[in-house]
Amino acid sequence: MTTADSPVWTDLAADAEVVIARYPHARSALLPLLHLVQSVEGHVSAAGIEFCARRLGLTVAEVQAVATFYTMYKRAPVGDYLVGVCTNTLCAVMGGDAILGALQEYSPEDGSITLEAVECNAACDHAPVIMVNWEFFDTMTPAAARRLVDDLRAGRAVSPSRGRSPLCTFRQTSRLLAGFPEETR
Ligand code: FES
């Protein structure tokens, strides 16, 4: 856990300026800046919130309000792979609840894997879906889900059903979402 005065934030200031320069008003850069701070610690820490507030001329409360509204920003540390099982209506009836139950029983959380239930991500025609670092794994089963977390834990390259391949780590994905895609190719 860093403090607002940790050198890591000094190092990140130049990247933050690159992001801020993309917008006509500094405060408009808040969402990518939150991804940028998330790429440092694997979550948006109190120090990260203070960093955003200082760079953008916002209050800590204003940044906190945004960081706690959007579920893509995590307030507790996340492992290399955020495994989200969709348990919204269609995925749930197609097996999402069973997949989440199977993974909870399997206890995959070991520092590299963080498990969560997620809401509908508009991929219902491929239900039940799992998202790993927000990339889709379609028409999953409990057995396929266990194999997926085994592969992730073992460091084997994993390719999502569509989108970016191979999968990036959570911190790399956060940096990509901050607007630095070239570093994760
Ligand atoms: S209900 Fe799961 S993606 Fe829509």
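User: Helices here are DSSP runs of H or I, at least four residues, numbered from the N terminus. Going by that, which helix holds Ala 13?

Analyst: Ala 13 belongs to α1. Keep in mind that this is a predicted model.

User: Noted. Is Ala 13 buried or exposed?

Analyst: Buried. The cut-off is under 20% relative accessible area. Ala 13 has 15%, so it counts as buried.

User: What is Ala 13 in contact with, beyond its neighbours within four places in sequence?

Analyst: Phe 51 and Arg 55. Arg 55 sits 42 residues away along the chain, yet the C-alpha atoms of Ala 13 and Arg 55 are separated by 8.1 Å.

User: Phe 51 and Arg 55 are in α3. At what angle do α1 and α3 cross?

Analyst: Roughly 50°, and their axes come within 11 Å. That angle makes α1 oblique to α3. The crossing is right-handed.

User: Which residues meet there?

Analyst: From α1, Trp 9, Leu 12, Ala 13, Ala 16, Glu 17 and Ile 20. From α3, Ala 47, Gly 48, Phe 51, Arg 55 and Leu 56. By type, this contact has eight nonpolar residues, one polar and two charged.

User: Why would contacts three or four places apart turn up on one helix?

Analyst: An α-helix has 3.6 residues a turn, so residues three or four places apart point the same way.

User: Back to α2. How many residues does it have, and how far does it reach?

Analyst: Twelve residues, 30-41. First C-alpha to last is 17 Å, close to the 16 Å expected at 1.5 Å a residue.

User: How many residues of α2 are buried?

Analyst: Eleven of the twelve, so that helix is mostly covered. Among the buried ones are Leu 30, His 35, Gln 38 and Ser 39.

User: What do the buried residues of α2 pack against?

Analyst: α1 (7-20), α3 (46-56), α4 (60-67) and α7 (170-177).

User: What follows α2?

Analyst: Gly 42, with a positive phi near 80°. α7 is also followed by a glycine with positive phi: Gly 179, near 110°.

User: Stay with α7. Which of its residues are buried?

Analyst: Phe 170, Thr 173, Ser 174 and Arg 175. Their cover includes α1, α2 and the strand β1 (81-86).

User: New topic. Where does Leu 148 lie?

Analyst: In α6, residues 142-154. Leu 148 counts as buried at 6% relative accessibility.

User: What is Leu 148 in contact with, leaving aside its neighbours within four places?

Analyst: Ile 130, Val 132, Phe 137, Met 140 and Val 158.

User: One last distance. How far apart in space are Leu 148 and Ala 67?

Analyst: C-alpha to C-alpha, 29 Å. Along the sequence, Leu 148 and Ala 67 are 81 residues apart.

Methods
Residues are numbered from 1 along each chain as its sequence is written. This is a predicted model: local features need pLDDT of at least 70, side-chain atom pairs count only at pLDDT 80 or more; totals for chains, interfaces and linings use all residues. Side-chain values use heavy atoms; hydrogens and water are left out. Helices (H or I, at least four residues) and strands (E, at least two) are DSSP runs, numbered from the N terminus. The expected span of a helix is 1.5 Å times one less than its number of residues. Buried means under 20% relative accessible area, exposed over 50%, partly exposed in between (1.4 Å probe, protein chains only). Contact means heavy atoms within 4.5 Å. Axes are lines fitted to C-alpha atoms, for helices over the stretch in contact, and angles run from 0 to 180 degrees between N-to-C directions. Angles under 35 degrees count as roughly parallel, over 145 as roughly antiparallel, 65 to 115 as roughly perpendicular and the rest as oblique. A crossing is left-handed if the near helix is turned anticlockwise from the far one by less than a right angle, and right-handed if clockwise. Ala, Val, Leu, Ile, Met, Phe, Trp, Tyr, Cys and Pro count as nonpolar, Asp, Glu, Lys and Arg as charged, and the others, Gly among them, as polar.
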